[in-house]
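Hello,

Here is the structure I promised to pass on to you.

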Amino acid sequence: MYAQMVDTGVKAVRAVAEMSPEEQAFQARIDADIKIEPKEWMPDAYRRTLVRQISQHAHSEIVGMLPEGNWITRAPTLKRKAILMAKVQDEGGHGLYLYSAAETLGVSRDQMVADLHAGRAKYSSIFNYPTLTWADIGAIGWLVDGAAIMNQIPLCRCSFGPYARAMVRICKEESFHQRQGYDIMLSLARGTGEQKAMAQDALNRWWWPSLMMFGPSDAESVHSAQSAAWKIKILSNDELRQRFVDQTVPQADYLGITMPDPDLKWNAERNHFDFGAIDWAEFQNVIKGNGPCNRDRLRTRVKAWEDGGWVRDAAMAHAEKQAARAAAKAAA
């Protein structure tokens, strides 16, 4: 998912008897699937968890524009260029929806951006890998956006109203992103031997990082229980990861390319695919800022923010001028 290892600040889920009357009423609303709205009372830990998760999700959408944006000028056809431009633009829009949802919790967008640029806030580990060939753009759409959809569809039922409503629109657009990625992979797989080899290489490099997107195993995900109790998280990391594997393996078979996992096999008793061990040391290394592209991604993002300062200043000056004119007209 685009938000990984979100700290709830709560060590263990408390029993109802241990809660205050306000907390009991709050949990009862969640248990009854009543959406929590920004102006309503909520525990501080619930608010902090949402700020961390939604802002990390927003950062991931914005930083996620970078690896694909690198290929806009190098897309093989005008049609592919137009589609990729639309997709990258969508990702920017998703980030703005999510920043707006987080702002309803009392945190400013400037603060969220400052936390990202200072390295205090995280974004998804998947965007710290390089896009070496055009096939990587296909793999990102197919695998990365496919994994995102797997996680984000349940988030449409999240307990926090603004987040859930933002996810409804985001999921519709992500489904287009996944389809365009798979279409790229299909075209390459049905192309020349060199093109099919390019598709296979992209799958080899993006498969395991895509599985890491869902976060640590349930046994190591110490904050998942509280997020589940609050219905911020609907399904566990391992449940989502298993669903993704089960959905994606037949798609790879159709493409005629091979999953880079010698331990992958169908388990008739479980009615699921078994798959090999994930290299969690690599995941932790990337999370800590030591991935292939961590420093480059953050440096590029900070430069873009600084270069765009004049646009924000101009927009604010225009808004202030319009407000002054409206005030003068009202006073006349």
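**What I found**

The protein has 13 helices and two strands (DSSP runs numbered from the N terminus, with H or I over at least four residues for helices and E over at least two for strands). Its radius of gyration is 22 Å, close to the 20 Å that the globule rule gives for 332 residues, so the protein is as compact as a globular protein of that length (the radius is taken over C-alpha atoms, and the rule is 2.2 Å times the number of residues to the power 0.38).

Before you go further: this is a predicted model, where local features need pLDDT of at least 70 and side-chain atom pairs count only at pLDDT 80 or more, while totals for chains, interfaces and linings use all residues. Residues are numbered from 1 along each chain as its sequence is written, and side-chain values use heavy atoms, leaving out hydrogens and water.

Of the 332 residues, 50% count as buried (under 20% relative accessible area, with a 1.4 Å probe and protein chains only).

One residue I looked at is E91, which lies in helix α4, residues 78–103. E91 is buried yet has no salt bridge (a side-chain nitrogen of Lys or Arg within 4 Å of a carboxyl oxygen of Asp or Glu). The nearest side chain of opposite charge is K87, 4.5 Å away (Lys and Arg count as positive, Asp and Glu as negative, and His and the chain ends are not counted). Leaving aside residues up to four places away in sequence, E91 touches E61, M65, E68, D145, E174 and H177 (heavy atoms within 4.5 Å).

Best wishes
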